[in-house]
2 protein chains.
Amino acid sequence: MVFDQHDHNHNACIKQALATAETLCLEQGQRLTKVRRRALELIWESHRPLGAYQLLAKLADEGFNSAPPTVYRALDFLLSTGLIHKVESMNAYLGCAHADKPHKGYFLICDDCHIVMEFDYQDIHASLENKAMTQGFALRSETIELTGVCQDCQTHEGETKE
Amino acid sequence: MVFDQHDHNHNACIKQALATAETLCLEQGQRLTKVRRRALELIWESHRPLGAYQLLAKLADEGFNSAPPTVYRALDFLLSTGLIHKVESMNAYLGCAHADKPHKGYFLICDDCHIVMEFDYQDIHASLENKAMTQGFALRSETIELTGVCQDCQTHEGETKE
DNA sequence: AAGTCAAGTGTTATACTATAACAATTAAAT
DNA sequence: ATTTAATTGTTATAGTATAACACTTGACTT
């Protein structure tokens with residue numbers, strides 16, 4: 001699992017994510033402009049996916065241009081650089097903790113508190129790759145999004161969402 | 001794989017799907033009304049996912065009411081009965097060939113011709129279930145959507161899409 | 001330093017996807 | 001026949017995403 005939901009210094013998450021972003025952009029000759037950087041930070045404010053228009057509102061609050069293309073451009077950039085993932089089943093965007101190494105995003109999504117844990121599972125990838133191959137299918141992308149109830153929400157059933 | 005892409009009597013697919021729908025609705029005391037039945041048939045016209053508004057246009061052509069709620073209600077019904085699946089990464093809907101037995105929809109989606117093959121893979125389900133459990137996560141739904149290039153499109157590269 | 005070009009951003013408009021809310025109709029059950 | 005619940009009609013609106021073109025900025029050239 002990417003992180004321990006409790007006992008977790010989230011500032012470190014953000015800092016790490018930004019550092020990775022700097023490095024990656026430098027390596028690839030990409031520019032981490034103000035709006036792109038801030039968008040990344042805002043997405044990293046939590047381990048919950050953020051909608052494009054939620055992000056847009058936050059950016060607008062800070063004086064950035066508030067038309068949709070602004071945010072979608074930033075999102076496209078961050079997606080293409082691998083710094084964030086899109087959670088298809090939620091139309092929302094999530095910081096990636098392993099942007100430095102190319103990988104598929106596999107997610108566990110809590111239906112209650114909406115927290116998302118990204119997990120890596122090489123075995124499953126291999127099985128899927130193999131399954132595709134036996135059908136003569138050349139695999140390109142994988143969308144693996146599992147929903148349910150996280151341990152925390154099972155424990156604190158009925159309480160206010162954190 | 002659900003079907004052989006060639007040498008495939010698609011009328012049989014549709015007929016089978018409708019028969020299953022009749023049976024299922026009867027068993028569950030649900031009503032397969034005109035618009036629901038026709039929506040199902042139209043979705044089954046191909047093994048490619050159909051968008052809600054594409055479906056709406058087809059229904060409108062046939063004299064059905066052409067406001068969005070009409071089609072979304074039909075889709076909701078068909079989804080809840082398990083007669084169709086939603087392909088999250090495409091915002092589109094696909095007939096399910098195994099509506100009679102509860103299951104998760106796992107899909108291979110061709111980026112070229114957009115054909116979708118549903119596959120069942122008990123091993124992967126078990127692995128995912130297990131992975132979730134080790135995180136104390138109670139699994140509820142699984143979205144497994146793989147994209148790539150199908151055998152047919154690899155063979156006929158550069159030709160017109162069928 | 002001025003010129004050039006490409007990348008990035010601003011702006012307006014619009015397309016696409018989905019649901020809320022309430023009225024009218026139909027089907028089934030009494 | 002009456003009642004009731006399910007379904008459908010209708011209008012409006014919310015939510016997600018992109019097209020197209022103008023303008024600005026940054027980086028590279030000379």
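Strand β5 (residues 138–149) of chain A pairs with β5(B), running antiparallel over 11 bridges. Strands count as paired when DSSP finds at least two bridges between them. This is a predicted model, where local features need pLDDT of at least 70 and side-chain atom pairs count only at pLDDT 80 or more, while totals for chains, interfaces and linings use all residues. Residues are numbered from 1 along each chain as its sequence is written, with chains lettered from A and ligands numbered from 1 in the order in which they are written.

**Where the chains meet**

- Within the β5 pairing, A:G148 sits opposite B:L139.
- Chain B puts 32 residues in contact with 32 residues of chain A (contact means C-beta atoms, placed from the backbone, within 7 Å).
- On chain B's side, β4 (116–119), α5 (122–134), β5 (138–149) and α6 (151–155) each give two or more residues (helices, H or I, at least four residues, and strands, E, at least two, are DSSP runs numbered from the N terminus).

**Around the DNA**

- DNA strand C has 18 residues around it, and the closest are A:T33, A:N65, A:A67, A:P69 and B:P68 (near means a C-beta atom, placed from the backbone, within 6 Å).
- Two or more residues each come from α2 (34–43) and α4 (68–80) of chain A, plus α3 (52–61) and α4 (68–80) of chain B.
- α4(A) gives the most, with 4 residues.
- By class, this surface has 9 nonpolar, 6 polar and 3 charged residues.

Notes
Nonpolar A, V, L, I, M, F, W, Y, C, P; charged D, E, K, R; others polar. Contact = placed C-beta atoms within 7 Å.
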